[in-house]
Amino acid sequence: MLKIEKMTLGPVVTNCFVIADDDCDDCVVIDPAWDATEILGRVSARGWQPRAIWLTHAHFDHFGGVAGIMQQHPGLPLGLHRLDLPMYRVGGGAQAWGIPVDCSHEPTLWWEQTESVRLGRFQFSVMFVPGHSPGHVAFYHAESDSLFGGDVLFQQGIGRTDLPGGDHAELLSSIRTHFLPLPEDTMVYCGHGDDTTIGVEKRANPFLV
Ligand SMILES: [Zn+2]
Ligand SMILES: [Zn+2]
């Protein structure tokens, strides 16, 4: 089955998800927010092998752990949408917070060229859901009803659109077009805060009613 480990890390309290196929022990780190040592410690405690890093978008609080992981696993594929590359290259907004972040590892896997991506036996759709950032994506695994949504939709909230490259109308359109049609039982693993479901947010999210 698809194993999901959630770790909440870093200065902006960001959720990092390590997901694994327990058959082959391959794992992927989605949004290594911060503390590479802690993330890799969890990975090795489970006996898993990292096969890729998938970024939902290029805000620094979602990639602060990339450099530390890449140092231990050189050549690990790093996925990002090209529209978020300019933001990645300037440190994902960390400057505004006065926080140093290492963005020297260039992405090697491009979401604008990738409709689906594989982890072991499992196939994930790569959904293009801009609005919070220009190149934001989400990863959807239909068989387990799991959606790794980054900063698009939160429990009772939606992503900010006041940061550079944000667009409120585009964000709402992404949510309505790609998220809300999913089965109501779909678990949404959010970039910040608690997990939720599509059904709950469809009915009670104040930004969507
Ligand atoms: Zn963000
Ligand atoms: Zn965030």
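**Note on a predicted model**

1. In this predicted model, Gly10 counts as buried because 20 other C-beta atoms lie within 10 Å of it, and 20 is the number from which a residue is called buried. The residue sits in the loop that links strand E1 to strand E2. Leaving aside residues up to four places away in sequence, Gly10 touches Ala33, Trp34, Asp35, Asp61 and Gly64. Gly135, by contrast, is 125 residues away from Gly10 in sequence, and their C-alpha atoms are 22 Å apart in space.

2. For the chain as a whole, the secondary structure amounts to seven helices and 14 strands. The C-alpha trace spans about 45 × 40 × 30 Å along its principal axes. Of the 209 residues, 45% are buried. If one takes the contacts between residues at least 6 apart in sequence, 59% of them join residues at least 24 apart.

3. One open sheet is built from six strands, which follow the order E1-E2-E3-E4-E5-E6 with mixed pairing. Its edge strands are E1 (2-9) and E6 (109-110), each of which pairs on one side only. Within this sheet, strand E2 (residues 14-21) runs antiparallel to strand E3 (residues 26-30), and five bridges join the two. As one example of these pairings, Asp21 has Asp26 in E3 as its bridge partner.

4. Another open sheet of six strands has the order E7-E8-E9-E10-E13-E14, and here too the pairing is mixed. The strands at its edges are E7 (116-119) and E14 (196-197), and each of them pairs on one side only. Strand E13 (residues 187-190) pairs with E14 in the antiparallel sense, over two bridges, and Val188 stands opposite Thr196 in E14.

5. Ala36, Ile39, Leu40 and Val43 are its buried residues; seen down the helix axis they fall within an arc of 90°, so they line one face of H1. Those buried residues pack against E1, E2, E3, E4 and helix H3 (66-72). On the other side of H1, Thr37, Gly41 and Ala45 are exposed. Gly47 follows the helix, and its phi is positive, near 75°.

6. Which residues touch the most other members of the largest nonpolar core? In this core of 56 residues they are Cys16, Val18, Ile30, Ile39 and Ala138. The largest share of the core, five residues, comes from E2. The general background is that nonpolar side chains tend to be buried together in soluble globular proteins.

7. When residues up to four places away in sequence are not counted, Ile39 touches Met7, Cys16, Val18, Val29, Pro32, Gly65 and Ile69.

Key: Residues are numbered from 1 along each chain as its sequence is written. Chains are lettered from A and ligands numbered from 1 in the order in which they are written. This is a predicted model: local features need pLDDT of at least 70, side-chain atom pairs count only at pLDDT 80 or more; totals for chains, interfaces and linings use all residues. Two strands pair if DSSP finds at least two bridges between them. Helices (H or I, at least four residues) and strands (E, at least two) are DSSP runs, numbered from the N terminus. A residue is buried if 20 or more other C-beta atoms lie within 10 Å of its own, exposed if 12 or fewer, and partly exposed in between; C-beta atoms are placed from the backbone. Two residues are in contact if their C-beta atoms, placed from the backbone, lie within 7 Å. A nonpolar core is a set of buried Ala, Val, Leu, Ile, Met, Phe, Trp, Tyr and Cys residues joined through C-beta atoms within 7 Å. The arc is that of the directions from the helix axis to the C-beta atoms.
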